Amino acid sequence: MKLTVTTFVSVDGVAQGPGGPEEDLSGGFTRGGWVVPLFDEDTGEFIDEVFALVDAFLLGRKTFDIFAASWPNSTDPEDPVAHALNTLPKYVASRTLTEPAWGPTTVLDHDIPSAVAALKKQPGRELQVHGSIELVRVLHDHDLVDEYRLLTFPVVVGQGRRLFDQGLDTALTLVESRTTKSGVTICSYVPAGRPEYGLAEVE
């Protein structure tokens, strides 16, 4: 399976608490919900396109808990996001989760990079990661991500955890981009090895 990361980020790189004020208060974060006023019809259509490609989900513990608290309440079989999340296999990276109530769920509790590498060898279309900041960093640093879909919202949050905060330097190749009516820039990138560095000279 192809491992893809789809996540919301602000212009200043914040990925924490996009969906609501109480979603993720860790680290004293007080500016949650910054996505909501800017999430337009075009953005929703793109998310539907992404969920039409999924065969399994890989989530961090915090994102899993956030999803498990809300998505089981959405039972509309015509909702592509809810239907996929509630019915397809979910894999959760956690050393403390023992009996997940939201199934079908498998807990990955040790050697996450090796476990994910094994999952990628299984047949299927996409193993999708949504949110899951800490997990994305681990996957990135082990060169396990095949494609990044970054939805950059036109807002400077000014506080909170950023998607990339140090780690493996990586060149990216842009494979698709679009901009929604509310100014959300959606870009898909594939890793392209290590970046090159140079010196800017004035002639």
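The largest pocket is lined by 38 residues. Pro 18, Thr 63, Phe 67, His 130 and Gly 131 lie nearest its centre. A pocket here is an open set of points on a 1 Å grid over the protein atoms alone, with protein on both sides within 12 Å along at least five of seven lines. Lining residues have an atom within 4 Å of a point. The space in the largest pocket comes to about 860 Å³. Such a volume is the space filled by probe spheres set on the points, with grid points joined across faces, edges and corners.

This is a predicted model, in which local features need pLDDT of at least 70, side-chain atom pairs count only at pLDDT 80 or more, and totals for chains, interfaces and linings use all residues. Residues are numbered from 1 along each chain as its sequence is written, and side-chain values use heavy atoms, with hydrogens and water left out.

H2 gives the most, with 5 residues. By type, the lining of the largest pocket holds 17 nonpolar, 13 polar and 8 charged residues. Ala, Val, Leu, Ile, Met, Phe, Trp, Tyr, Cys and Pro count as nonpolar; Asp, Glu, Lys and Arg count as charged; the others, Gly among them, count as polar.

Helix H2 also holds Asp 65. Asp 65 counts as partly exposed because its relative accessibility is 34%. The cut-offs are under 20% relative accessible area for buried and over 50% for exposed, with partly exposed in between (1.4 Å probe, protein chains only). Pro 100 is 35 residues from Asp 65 along the chain, and their C-alpha atoms are separated by 9.3 Å.

Now take Gly 19, in the loop between E1 and H1. Its relative accessibility is 47%, so Gly 19 counts as partly exposed. Gly 19 touches Gly 33 and Val 36, not counting residues up to four places away in sequence. Contact means heavy atoms within 4.5 Å. Glu 147 is 128 residues away from Gly 19 along the chain, with 23 Å between the two C-alpha atoms.

Step back to the whole chain. The protein chain has 5 helices and 8 strands. From the N terminus on, the order is β-α-β-α-α-β-β-α-β-α-β-β-β. The radius of gyration of the protein chain is 17 Å, which agrees with the value near 17 Å for a compact globule of 203 residues. That radius is taken over C-alpha atoms, and the globule rule is 2.2 Å times the number of residues to the power 0.38. Along the principal axes, the C-alpha atoms fill a box of roughly 65 × 40 × 35 Å. Buried residues make up 42% of the 203 residues. Of the contacts with a separation of 6 or more, 71% join residues 24 or more positions apart.

Some backbone angles deserve a look. Most residues other than glycine have a negative phi, and most peptide bonds are trans. Gly 103 and Pro 104 are joined by a cis peptide bond, with omega about -5°. Pro 104 sits in the loop between strand E3 (90-93) and strand E4 (105-108). Ser 132 has a positive phi, near 60°. Ser 132 lies in the loop between strand E5 (126-130) and H5. With a relative accessible area of 5%, Ser 132 is buried.

Helix H5 contains Arg 137. Is Arg 137 buried or exposed? At 17% relative accessibility, Arg 137 counts as buried. Leaving aside neighbours within four places in sequence, Arg 137 is in contact with Arg 161, Arg 162, Leu 163 and Asp 165.

Beyond H5 comes Asp 143, in the loop between H5 and strand E6 (147-153). Asp 143 has a positive phi of about 55° although it is not a glycine. At 46% relative accessibility, Asp 143 counts as partly exposed. Asp 143 is also one of the residues lining the largest cavity, together with others including Leu 139, Tyr 148 and Pro 191. A cavity is a set of points where a 1.4 Å probe fits but cannot get out. The largest cavity has a volume of about 40 Å³.

Finally, the strand pair E7 and E8. Strand E7 (residues 172-179) and strand E8 (residues 185-191) run antiparallel, joined by 7 bridges. Two strands pair if DSSP finds at least two bridges between them. Thr 179 has Thr 185 in E8 as its bridge partner. E7 and E8 form a hairpin with 5 residues between them. In the turn, Gly 183 has a positive phi of about 95°.

Notes: Helix = DSSP H or I, 4+ residues; strand = E, 2+ residues; numbered from the N terminus.
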